[in-house]
Amino acid sequence: MSTTAGLRRIGARGAGRRTTRRTRTIGVTGGVAIAVLGLVLCFAVLAPLLAPHDPNAVDLSGAYQGSSGTHVLGTDASGRDLLSRLIYGSRTALIGPFLVVAISTLLGTVLALAAVWFGGWFDQIVVRVVDAVFAFPGLLLAILATALFGSGLKAATAALSIAYVPYIARIVRSASLRERSLPYIAALRVQGVHGLRIALRHILPNVGGLIVANATLAFGFALMDFAGLSFIGLGVQPPTSDWGAMVGTGMAGVLQQHPQEALFASALIVVTVGAVNTLGDRLTERWEARS
């Protein structure tokens, strides 16, 4: 076996040992969080099968009905079934944050790996740009984007994706710098292994756990941001079901002693964000324990 092949195998074994340490359990709280998120995901995927009524069916004569056999959670100001709207609302509540996390994680990871590998002036430019964008509040950027391009899911998704890139890039860059300083990376470079191959085959897999953990945490923040935008009327637009929008439209019912719409939607946002953050914390702790 050649020296180069041996060094590559050493690097692979180092990665394998780190991977083995990743198998530590995420604990009971992590398991509960996964169960909660799995249930919400099932609601989103199976909404047409689970919803007992059309979420947009208006019945003004049945406004603000209480819980009954026909409407388990009651109705809203337009007589629409709350349970059906909450189930369908899980779709819009999840799709926006998912797109933001997917886009920002991809861009942030690529940017961080490029900055770490090329270093020098390129790394300094990336750091300065990332710091400048990081200092700009993501929610404010989303509000400006919706003011310029109109309210809705697309503008909010684009703005929040840009705002979340620095968050991912800074963390991935820090972890990648530490990984690049390890002896097996230096050995691979001495043997002439291409930088792109080292970054993709060794550095990226070994910081993958941290990327997943922080993407999970970012999902919770994005969910809250989207709910806030919908609450103030800049996100998902009525009559489309959305948890944040339901909190906003349900405020009128609170003043009329009918808080169920705002209460149920708020509870789902809190529970989902809590589960996401709990899972993200457990994943982060597991990655730190094996590092």
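Analyst: Thr109 counts as buried because its relative accessible area is 9%; buried means under 20%, exposed over 50%, and partly exposed in between, with a 1.4 Å probe and protein chains only. Thr109 belongs to helix 4, which covers residues 82-118. Helices are DSSP runs of H or I with at least four residues, strands are runs of E with at least two, and both are numbered from the N terminus. Beyond its neighbours within four places in sequence, Thr109 touches Ile168, Val172, Leu204 and Ile211, where contact means heavy atoms within 4.5 Å.

This is a predicted model, in which local features need pLDDT of at least 70 and side-chain atom pairs count only at pLDDT 80 or more, while totals for chains, interfaces and linings use all residues. Residues are numbered from 1 along each chain as its sequence is written, and side-chain values use heavy atoms, with hydrogens and water left out.

The C-alpha trace spans about 80 × 40 × 25 Å along its principal axes. Of the 291 residues, 44% are buried. Among contacts with a separation of 6 or more, 71% join residues 24 or more positions apart. The protein exposes about 14,400 Å², and carbon and sulfur atoms supply 69% of that area; accessible areas come from the Shrake-Rupley method with a 1.4 Å probe, and for residues only the protein chains shown count as cover.

On a 1 Å grid over the protein atoms alone, a cavity is a set of points where a 1.4 Å probe fits but cannot get out; a pocket is an open set with protein on both sides within 12 Å along at least five of seven lines; and lining residues have an atom within 4 Å of a point. Grid points are joined across faces, edges and corners, and a volume is the space filled by probe spheres set on the points.

The whole structure has one cavity of 30 Å³ or more. The largest cavity holds about 70 Å³, and its lining includes Thr92, Phe226, Asp242 and Trp243. By class, the cavity lining has seven nonpolar, three polar and one charged residues. Here Ala, Val, Leu, Ile, Met, Phe, Trp, Tyr, Cys and Pro count as nonpolar, Asp, Glu, Lys and Arg as charged, and the others, Gly among them, as polar.

The largest pocket contains about 360 Å³ of space. It is lined by 14 residues, and those closest to its centre are Leu37, Leu41, Leu94, Phe98 and Phe219.

Leu263, in helix 11 (residues 260-290), counts as exposed because its relative accessibility is 52%. Its C-alpha atom is separated by 11 Å from that of Gly248, 15 residues apart along the chain.

Backbone angles bring in further positions. Most residues other than glycine have a negative phi. Tyr64, by contrast, has a positive phi near 55°. Tyr64 sits in the loop between helix 3 and helix 4 and counts as buried because its relative accessibility is 18%. Gln257 also has a positive phi, about 65°, although it is not a glycine. Gln257 lies in the loop between helix 10 and helix 11 and is exposed, with 66% relative accessibility.

Finally, there is the matter of confidence. The mean pLDDT, the predictor's confidence in each residue from 0 to 100, is 83 for the protein, and 91% of its residues reach 70 or more. Confidence is lowest in helix 1 (residues 3-21), at a mean of 40, and highest in helix 3 (residues 47-50), at 93. Over residues 1-23 the pLDDT is below 50, and this stretch has 24 contacts in the model beyond near neighbours in sequence.
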